[in-house]
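Reader: I am new to this structure and would like a friendly walk through it. Could we take it one question at a time?

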Amino acid sequence: MAGASLKRLMAEYKQLTLNPPEGIIAGPLDEDNFFEWEALIAGPEGTIFDGGVFPARLIFPTDYPLNPPKMKFTCDLFHPNIYPDGRVCISILHTPGDDPTGYESSSERWSPVQSVEKILLSVVSMLAEPNDESAANVDAAKCWREDKSRFLECAQRSVRKSLGIPDL
Amino acid sequence: MDSEEEMYDESEEEEVSDDDHNMVMEPEVSSTTATYDSQDETYPHEVLSPEMIVQHMIDCIKDVNTIVELPATITRILLNHFKWDKEKLIEKYYDGDQEKLFAEAHIISPSRRGQASGSSNQVSVSSTTRSTRSRAAATGRSADCEICFSTLPTTVMTGLECGHLFCEQCWSMYLTSKILHEGISETISCPAHVCGILVDDATVMRLVRDQRVRLKYQHLITNSFVECNRLLRWCPAADCGRAIRVNYVDSKPVTCTCGHRFCFSCAESWHDPVKCFWLKKWVKKCDDDSETSNWIAANTKECPKCQVTIEKDGGCNHMICRNQSCKADFCWVCLGPWEPHGSSWAALQRYLHYCNRYMNHMQSLKFEHKLYAKIKAKMEEMQKHNMSWIEVQFLKKAVDVLCQCRQTLMFTYVFAFYLKKNNQSIIFEDNQRDLEQATEQLSEYLERDITSDILIDIKQKVQDKFRYCDTRRSVLLAHVHEGYEKELWEYQGSL
C-alpha cells in the first residue's frame, strides 16, 4: 500500500514543481519522508489576505490517495474555516464516509482523484471567500458576519505576522 | 419451518420436546393457553438461515427480472433504491420517466450503455469489460490512471458504464478500503470526481480478489438487504444471524429457530399484553429516568409536614426540616404513613411503583437460568428415588410456566402505567395481583420448598400451582385482548 502511495506522492511532487499553480509552493519537508509536506500559500490578490504568505503542514496517510491528508496552518490565521489550532476544515479534506447520510454531497468531498494541488487551490479560494455556514472558528465566523472592519483588522494582523512585520 | 412451528404450537410450548406427555397429563392447561400462544400460528412467518437470505435475495431479483428484463446487478441496485419493494419498482419503472429513475438510483440507463460503448444494445455482466476495451481501442494504447498517476496500457484499465477508467490495482485498493474501512457496500460510487454512478456487485467480485474482503462485501450486501426490506427482520438474539420473513408487517410474536421469541414489529422480546407504542415510550422513559429515580429513591425522602424533598447527608436520624416556614422534627426511618400530594412527587412515586415491579420481574427472569440448572439436578436426584423420567418432568414444565408468567407480568406493568382507571382497569389489576401472588408462590416453591424430602408433597403443590398460574395468565391476557377489541382501554399520557 505504502509503495503505491509513495509513487503517487512523488508524481504529484514532480508535477507541482514543473507546473506550480500561482501562489502555491509545496513539497516534502525531507525527501526521505514523502508523507509529510510543507506548503506556502500566498494570500489571494485583492482579498483581505492579500500579501500574506502562510505556511502549512500536510500529513498523508499510508493509504493515500484512498484517504485524504490532514492539513494544518503553522501560523496564526484568523478565519472562520480554520480551527484556532490551525487545522483546515473544508469539504475536500473529508471522506464521503464521514457523512453516513448520503452520497449526494460527496461530490465535493475527498475522492482518490483529488490531489494536493486541488486541495491547495480549494484552500486559496477558502481564504478569499470564507464560508460562515459551517464554522471551525466560531469567533472568526461571528466577526466575519457581524463586524467586517474588525475582521479586516485581524486578517491584516495575520498577514503582517506571516511576513514577520511587527504589529504597529 | 412452518410445519415444525405448527406442530409445536398445538402443544403450547415450542422449546420442550416432552410436551406430548404434558398434553396427556394436563389437557386443561393446554387448551386454555393454546388460544394465546397460537398467535404464532395465525401470524405466518419463516425463519431464514444466512444461506436462505441470500437465496431469497436472488429470488427477489429473478422475480423482478422476469418482468423488467435488466441485468441482475442493475436490478439489485434498483431494488435497493426502492427498499426491496418490488411493486413500487415495477410501478415506477413502467409509469414514470425511466431515465430519471436510473439517474436517481445512480446508474447509467441500459439504453445509453450501448451508445457509450459503441457496440449493440447487449447488456451482460461482461459488457463492462467489453465496452472498456472498445473505448480503449478507440483512444489508443495507454492512458493515465488518475489515482496512481501511472501511465498504463489500457488493457489493465477498467471502469463502470460512466466511462471513467482506472487501473485494476487502484480499483481493487479503492474497493477494499471502502468495504473494510468504511463498511459500505450499496453506496460505493465511481472514484471519479463528481461521479455518483454506483459500483455493481459483479464489478466488485471481478476486481476484488481477497477472499476476506469479498466475504465482508457479501455480508454487507445481505445486511442491507434485510435491513431495508420491511418484510424481513434480523433475529435480535446475540450471534443468531438468522432472519424472519413475514408476508405482512404486524406486531405479532415470531419465533426463531434459536428459540428467541420476539415482536416482529419492534424486535423487543414478545411483550403481550402491552402494545409496541407504549412499550417503546416506557423503555425510553426508563432510560431517561432510571438513574435519577434510583438516586432519588435511595437518597431522599420528603418532609412529612411540608413535602419538601430532603436528602439525608449525615448519620443522625433526627431530622429537622430546613424549610423555614415548616421546621418539622421527624424521624428519618419511621416517617409514618403520609399521603403524597405534590403532583410531581406523586407522579414520580407512581412511576417508581411500576418501574420497581417491572425491574423486579426482569431481574428475576435473568436468574431463572440458574433455576433451570438447580431443577435439573433435583430431577436427577428424584429419579434416583424411584420416580420415573416422565414423573419428574413436571418440574421443568413448572419453571417454563414461571418464566412465561414473569415475562407477562413484566409487561403488564408497562400496560398498567399508561392505563386510565375505569372498571375494566380494576378487573385487570385484580387479575394482575392474583397472577403475581400465585407466581411468587410458585417461585418460592421452586426456590425453597424443593429441598424438602417429601417428594410426593412437592409434586402435588408445584403441579397445582403452575397449572393455576398458567390458567390465570391466559385469563389475564384474554381480558386485555378483549379490551383491545372492544376498545375498553383508555390511556393517560399523549398517544
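Author: Let us begin with a term: buried area is the accessible area that two parts lose on being put together, summed over both. Please keep in mind that this is a predicted model.

Reader: Thanks! How much area do chain B and chain A bury between them?

Author: The contact takes 21 residues from chain A and 17 residues from chain B. Of the area buried between the two chains, 67% is on carbon and sulfur atoms. The total that chain B and chain A bury is about 1,700 Å².

Reader: Which residues of chain B lose the most area to chain A?

Author: Three residues stand out here, together making up 32% of what the chain B side buries. They are B:Phe149, B:Met173 and B:His193.

Reader: Is B:Phe149 buried, partly exposed or exposed?

Author: B:Phe149 lies in the loop between β2 (142-144) and β3 (151-153) of chain B, and has a positive phi of about 60 degrees although it is not a glycine. Most residues other than glycine have a negative phi. Buried means under 20% relative accessible area and exposed means over 50%. Because its relative accessible area is 25%, B:Phe149 is partly exposed.

Reader: And where is B:Ala267?

Author: B:Ala267 also has a positive phi, of about 70 degrees, although it is not a glycine. Its relative accessible area is 22%, so B:Ala267 is partly exposed. Its place in chain B is the loop between β9 and α14.

Reader: Which residue does a cis peptide bond join to B:Pro273?

Author: B:Pro273 is in the loop between β9 (261-263) and α14 (276-299) of chain B. Most peptide bonds are trans. Here omega is about 10 degrees, and the partner of B:Pro273 in the cis bond is B:Asp272.

Reader: What is omega for the cis peptide bond of A:Tyr64 and A:Pro65?

Author: In chain A, A:Pro65 lies in the loop between β3 (53-59) and β4 (70-73). The cis bond joins A:Tyr64 to A:Pro65, with an omega of about 5 degrees.

Reader: Which residues make the nonpolar surface patch of about 410 Å²?

Author: One of its members, A:Leu163, is in helix α4 (residues 148-163) of chain A. Residues in a patch need over 30% relative accessible area. A:Leu163 can take part because it is partly exposed, at 43%. The patch is made by A:Ile25, A:Leu40, A:Val53, A:Leu163 and A:Ile165.

Reader: Last one: how many helices and strands does chain B have?

Author: Buried residues make up 46% of the 495 residues in chain B. Chain B exposes about 25,400 Å², with carbon and sulfur atoms supplying 52% of it. Its tally is 18 helices and 13 strands.

Key. Residues numbered from 1 in each chain as written. Chains lettered and ligands numbered in written order. Predicted model: local features only at pLDDT ≥ 70, side-chain atom pairs only at ≥ 80, totals over all residues. Heavy atoms only, no water. Patch = residues over 30% accessible without salt bridge, like charges linked within 9 Å, V, L, I, M, F, W, Y side chains within 5 Å. Areas by Shrake-Rupley, 256 points an atom, 1.4 Å probe, with all protein chains shown as cover. Salt bridge = Lys/Arg side-chain N within 4 Å of Asp/Glu carboxyl O. Helix = DSSP H or I, 4+ residues; strand = E, 2+ residues; numbered from the N terminus. Buried < 20%, exposed > 50% of the residue type's maximum accessible area, 1.4 Å probe, protein only. Contact = heavy atoms within 4.5 Å. Buried area = accessible area lost by both parts, 1.4 Å probe.
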